[in-house]
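Work through the exercises below with the sequence and the 3D view at hand. Try each task before reading its solution.

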Amino acid sequence: MSVLFVQQISIHHSRSDVDEKSLRAALKADYGYDGRRLSRFTLNALAAALPLGSVHHSPESGVYLGARFSSPAKFDNMLATLAEGGTPKPFDFTGNIHNAACFHTAQALGLYGPSLFMPVSGAPKSWSQPLLTAWLDLQQGTVAAALAGWCSEQSSLPPQQEGCCWLLLSIQQQPGSIARIHIRPSESGDVFSDGLYHDDVYQTACRLAERLHAKQRTLIAAALGLAIEIEAILNLSDGIGVLCRLAGFHAYNYAAKSAACTPTAFFRRHRLIPI
C-alpha cells in the first residue's frame, strides 16, 4: 500500500457566461497576473492555482491536469475562421495547445517539475489518471510535491458551471495536512463510492472535496486494478487548508464558509450573474 497526503485543495467555481474580460480583471486585481490572450480554460486553471502561491511548496513540483478538452471556444473560433477561408489568429492556435494551462500554472507558481495534460472522462478509471500519474512521480522521487487537477471550460449557451480544482499532494504528512490517500490493489469486497462522478470532471473533483469536508471516506476504482481510498485527517470546519474561489472574483475559505461557498449562494449575494 502507498500513501499520499493532500496538503491543500483549491477550487475555482465559475459559469460559462462569465466573460473572459471579467476573469482576467479578477486575476489582475487579486494577484497582479496578466492573463491577456489566454483561453478561458487556462484562466479557470490559474484562478484555482494562484491562491496556492502563498503556500510553501518546492519548485521541483509537478503539474498534472485532466480535462475532456482544453478550450472549446478557441477551437470553434479557429474552425470558423478556416471555414470562411481566413487564417487563424496565432493566439487561437496557441490557446488550443492542451498543455498551455499546465505551462502557465507552472510558470505562475515558479514550478520546474514535469507538467502534463491528460484527456480524461467522468469514468472512474479515466478520471483518476492525474492522481495516479502524480503518485507515480512522487513515488519515484521525480518531484517533491505535485499539483493534480481537473478543469473545464463549457460552451457559453446555455450557461453551465465550469471551473477548476487542484489538489496539492506530497509523500510526507505535514502539519495541517487535509487528507490521506491510500493507493492499493483492488479487492473483491471493495464497495466503491456512488454518486461521486459527473460528466464534468472538475465537478467530480468538487464532489470529492465536499465528501472530505463531511469527513466521508471515498473509495475510487482506478486503472491497473488499483483502488484509491481517500479520507479526511483534518477537521475542515477548523477553517484550515482549503481555498475556494467563486466566479473568479473573491477568495473564500471553503471550510469556514462552507454554507456560503457554493456558486448559487455567491451569485445571489453578489448579484454578478442572474439565477
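The exercises concern a predicted model, and each is followed by a worked solution.

**Exercise 1.** Find how many aromatic pairs a search of the whole structure gives, and classify the pair of Phe41 and Phe117 by the angle between the ring planes.

*Solution.* The search gives 3 aromatic pairs. For Phe41 and Phe117, start with the distance: the ring centres lie 6.3 Å apart, and the limit for a pair is within 6.5 Å. Next take the angle: the planes stand at 70°, and over 60 degrees counts as edge-to-face, so this pair is edge-to-face. Then locate the two residues: Phe41 belongs to helix α2 (residues 40–49) and Phe117 to strand β3 (residues 115–119). They are 76 residues apart, and the pair links distant parts of the chain. Last, check the accessibility, where buried means under 20%. Phe41 has a relative accessibility of 1% and therefore counts as buried; Phe117, at 11%, is buried too.

**Exercise 2.** Classify the aromatic pair of Trp127 and Tyr197, and decide whether Trp127 is buried or exposed.

*Solution.* The centre-to-centre distance is 6.4 Å and the planes are at 80°, which makes the pair edge-to-face. Trp127 sits in helix α6 (residues 124–127), while Tyr197 is in the loop between β6 (179–185) and α8 (201–213). The two are 70 residues apart in the chain. Trp127 has a relative accessible area of 0%, so Trp127 is buried. Tyr197 has 23% and is therefore partly exposed. Ring pairs also bring in Trp150: Trp127, Trp150 and Tyr197 are linked into a cluster.

**Exercise 3.** Describe how strand β8 (residues 226–232) is covered, and how β6 and β7 are joined to β8.

*Solution.* Begin with burial: 6 of the 7 residues of β8 are buried, and the strand is mostly covered. Now the partners. β6 runs antiparallel to β8, with 7 bridges between them; Ala179 is opposite Ala232 in β8. Strand β7 (residues 218–221) is also antiparallel to β8, with 4 bridges, and Leu219 faces Glu229 in β8 as its opposite residue. Finally, look at the connection: β7 and β8 make a hairpin with 4 residues between them. In the turn, Leu224 has a positive phi of about 60°.

Technical notes: Residues are numbered from 1 along each chain as its sequence is written. This is a predicted model: local features need pLDDT of at least 70, side-chain atom pairs count only at pLDDT 80 or more; totals for chains, interfaces and linings use all residues. Side-chain values use heavy atoms; hydrogens and water are left out. Rings of Phe, Tyr and Trp (its six-membered ring) pair if their centres lie within 6.5 Å; planes under 30 degrees apart count as stacked, over 60 as edge-to-face and the rest as tilted. Buried means under 20% relative accessible area, exposed over 50%, partly exposed in between (1.4 Å probe, protein chains only). Two strands pair if DSSP finds at least two bridges between them.
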